[in-house]
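Please open the model in a viewer and keep the selection tool at hand. The stops below are meant to be followed in order.

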Amino acid sequence: MANQAGTTTPVYLQKVSLFTRIQLAIRIHIFKFLATKAFQIINLPLIRDSTILPTLTKAYPCQPSLLNRIFYPKSYKSGELLPLYLDIHGGGFALLNPICDDKFCSYFSNTNKVLVVSLDYPKTPAAKFPTPSEAIRDLVQAVLEDESLPIDKSKVAIGGFSAGANLALSASQYDSIRDKIGGVVAYYPPVDFTTPIAVSLATRPKDAGPDMLEKDAPMFNWGYIKPEQDLKHPMLSVTYAPREKLPPKLYITGCEHDLLCRGAEIMAEKLANIGSGQRSGSDDSWEKNGIKWEKVLGEVHAFDVTVSFGETKRRRDKRRIEMHESVADWLFREVFHD
């Protein structure tokens, strides 16, 4: 699939010098080392929050090196079939692992009585596009075929955060799983790698502060994308995906002060304009033709997991809960309904 471009006019990453490539390689490996050590510390027995641990962990033969985390709701009773939500963590395609989403997965499972499976994927720079998308495709198929899990196969959604949101939109385009997925939830996704960072920055409000992705995006892009890869490939820059290649229902969230926000909004608007339905809602929260768009005002990329204190923390905690409640309401209305 990686050589099938979404247009006849390819676009590639800007070429950089050997020295710059060495700098990017060193930087991404330092980031990976620091992230690994940080998670080792916060997952020590006396530090780890034992109330959010998964019910079980499981690797599948199709991707034996990837350990996935499975959350049963506490209210689950044997014999019940549950809606399935497949979660994909963020981290620039290079960092972290499913443990970082335990708080969300535990909350979402218990609050909404949903089976949540938090999927892992191979990380860059060793695994470049489309390897992570292919791994997610394989794992989705394996989970759906896992007879030990109480899945209502008529109620399946996939979602993710940041890079994980991109992978959810990417992997769900594969013919082998697309028709088995009722909806996608994309939290602040990167959707268009053809747009220069300077252009994306210019779309933010004038009062937006520094953007965490401004300096890091070139590093993550270098790690994930091969020099010869067409950036308009619809499984990479998912904004180029034809409507018929995506699941029927999409919920896309952007953060107003995030340089990725406008690109995600453009994707939502483009997809929503396919069909004859009428738009309902406001400028920042609307639905049309199976597409739901939600802009979180005044917040930065990954605000829901960014360390903060005082009034900022209270505001972000409130908005995080509101964001997930809105997603749950939409899922049960549009994807998990009988």
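The tour goes from the sheet to its helices, then to one residue and to the aromatic rings. Please note that the model is predicted.

**The sheet**

Begin by colouring the strands. They form an open sheet of 10 strands with mixed pairing, in the order β1-β2-β4-β3-β5-β6-β7-β10-β9-β8. Select residues 56-60 (β1) and 280-281 (β8): these strands stand at the edges with a single partner strand each, so one side of each has no neighbour in the sheet.

Next, select β3 (residues 82-88) and β5 (residues 151-161), which run parallel and are joined by 6 bridges. Leu 82 has Ile 151 of β5 as its bridge partner.

**Helices on the sheet**

Then show helix α9, residues 310-334, which lies across β3, β5, β6, β7, β9 (285-288) and β10 (291-296). Helix α9 runs at about 170 degrees to β7.

**A residue in β6**

Is Ala 186 buried or exposed? This residue of strand β6 has a relative accessible area of 0% and is therefore buried. Leaving aside neighbours within four places in sequence, Ala 186 is in contact with Gly 160, Ala 165, Leu 169, Tyr 251, Ile 252 and Thr 253. For a distance check, pick the C-alpha atoms of Ala 186 and Trp 330: they are 13 Å apart in space, although 144 residues separate the two in sequence.

**Aromatic pairs**

Now display the aromatic side chains; the whole structure holds 13 aromatic pairs. Select Phe 93 and Phe 193, a tilted pair at 6.4 Å centre to centre, with 45 degrees between the planes. Phe 93 is in the loop between β3 and α2 (102-112) and Phe 193 in the loop between β6 and α6 (197-202), so the pair ties together parts 100 residues apart in sequence. Both Phe 93 and Phe 193 are buried.

Move on to Phe 104 and Tyr 187, an edge-to-face pair at 6.2 Å centre to centre and 80 degrees between the planes. This pair links helix α2, which holds Phe 104, with strand β6, which holds Tyr 187, across 83 residues. Phe 104 counts as buried at 9% relative accessibility, and Tyr 187 is buried at 0%.

**Charges over rings**

Finally, select Lys 123 and Tyr 121: the charged end of Lys 123 sits over the ring of Tyr 121, 4.3 Å from its centre. At Arg 137, the charged end sits over the ring of Tyr 174, 4.7 Å from its centre.

Terms used
Residues numbered from 1 in each chain as written. Predicted model: local features only at pLDDT ≥ 70, side-chain atom pairs only at ≥ 80, totals over all residues. Heavy atoms only, no water. Pairing = 2+ DSSP bridges. Helix = DSSP H or I, 4+ residues; strand = E, 2+ residues; numbered from the N terminus. Contact = heavy atoms within 4.5 Å. Axes fitted to C-alpha atoms, helices over the stretch in contact; angles between N-to-C directions. Buried < 20%, exposed > 50% of the residue type's maximum accessible area, 1.4 Å probe, protein only. Phe/Tyr/Trp six-rings, centres within 6.5 Å; stacked < 30°, edge-to-face > 60°. Lys NZ or Arg CZ within 6 Å of the ring centre and 35° of its normal.
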